[in-house]
Amino acid sequence: MSFLPQVFIGKVQATQSCGRSAIHKHAVDGLLALGQLGLEGDEQAETRFHGGPDRALCHYPRDHYEFWLNAYPEQDDLFMASTFGENISTMGMTEENVFIGDIYAWGDARIQVTQPRSPCYKLNGLTGVENFAQIMQDNGRCGWLYRVIKTGNVSANSPITLLSRNSEVSVQEAIMIAFHAPYDEQLYHRLLSAAGLSASWSLTMQNRLDNHRIEEFSHRLFGKRS
């Protein structure tokens, strides 16, 4: 199972709708070095929530942009690959057929799926839809993140090829467990058992088990606390 990617990188800059952000990325066709923290020339603004070893790359399915175009036809100039700040865009890879812990070959590098992307409030400003992050979270078209387990050179001409499947938890199911389902200890243990799950999501699931409740989403989704 191989997929040819589009590849995007961007620098932190002042933006009109998202504050200081690297969400605006541009396509790169040539060879790039992929290190432990991501692609050469790519940056993240808020490193507490973005980037780091478990979130070195963001992948968003190009398949989903048709859905957003149909939902918001007045935004036909907005919804296209890299709109959501992704580094990788493909057709055919979705939350349904990508699993937590999947290891892929990409050029000389090896990358592993660690978690779904957690939509944040900056998407509201980006799209001009005040609850867009909530809508993305609710419908599960979130994309996912990778860690780099072997650095190397990559490019848009190098296919992304599945090498091994290491858990039974799809990205779609992880989104359901984290964002949609009511409190369920069995589901949290299931997600915690998924090989390759990121440290931050492991901690979130463990905190739910320790505190017997689901954390609030409002600060992440709307930039304010409930």
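Guide: Start with a bridge: in β7, the bridge partner of Gly35 is Gly38. This is a predicted model, where local features need pLDDT of at least 70, side-chain atom pairs count only at pLDDT 80 or more, and totals for chains, interfaces and linings use all residues. Residues are numbered from 1 along each chain as its sequence is written, and side-chain values use heavy atoms, with hydrogens and water left out.

Visitor: What makes β6 and β7 a pair?

Guide: Two strands pair if DSSP finds at least two bridges between them. Strand β6 (residues 32-35) and β7 have two bridges, in the antiparallel sense. They therefore qualify as a pair. Strands themselves are DSSP runs of E, at least two residues long, and helices are runs of H or I, at least four long; both are numbered from the N terminus.

Visitor: Why are β7 and β13 called edges?

Guide: The open sheet has the order β7-β6-β13, with antiparallel pairing. β7 (38-39) and β13 (152-154) each have a single partner strand, so one side of each is left without a neighbour in the sheet.

Visitor: What is the strand order in the sheet of nine?

Guide: The order is β1-β14-β10-β11-β12-β8-β9-β2-β5, an open sheet with mixed pairing.

Visitor: Why is β12 called largely enclosed?

Guide: Five of the seven residues of β12 (residues 144-150) are buried, so the rest of the structure largely encloses this strand. Buried means under 20% relative accessible area, exposed over 50%, and partly exposed in between (1.4 Å probe, protein chains only).

Visitor: What makes Phe99 buried?

Guide: Its relative accessibility is 16%. The cut-off is under 20%, so Phe99 counts as buried. Phe99 lies in the loop between β9 (88-90) and β10. Leaving aside neighbours within four places in sequence, its contacts (heavy atoms within 4.5 Å) are Val113, Arg165, Ser167, Glu168, Val169, Ser170 and Val171.

Visitor: Why is helix α4 said to be largely enclosed?

Guide: Seven of the ten residues of α4 (residues 171-180) are buried, so the rest of the structure largely encloses this helix. The seven are Val171, Glu173, Ala174, Ile175, Ile177, Ala178 and Phe179. They pack against β11, α3 (132-139), β12, α5 (185-192), α6 (199-211) and α7 (218-222).

Visitor: What makes a nonpolar core, and how many residues has the largest one?

Guide: A core is a set of buried Ala, Val, Leu, Ile, Met, Phe, Trp, Tyr and Cys residues joined through side-chain atoms within 4.5 Å. The largest has 57 residues; those with the most contacts inside it are Leu34, Leu39, Trp68, Phe84, Trp106, Phe132 and Tyr146. α4 gives the most to this core, with six residues. Not counting residues up to four places away in sequence, Trp68 touches Tyr60, Phe79, Phe84, Phe132, Ile135, Met136, Asn139 and Arg141.
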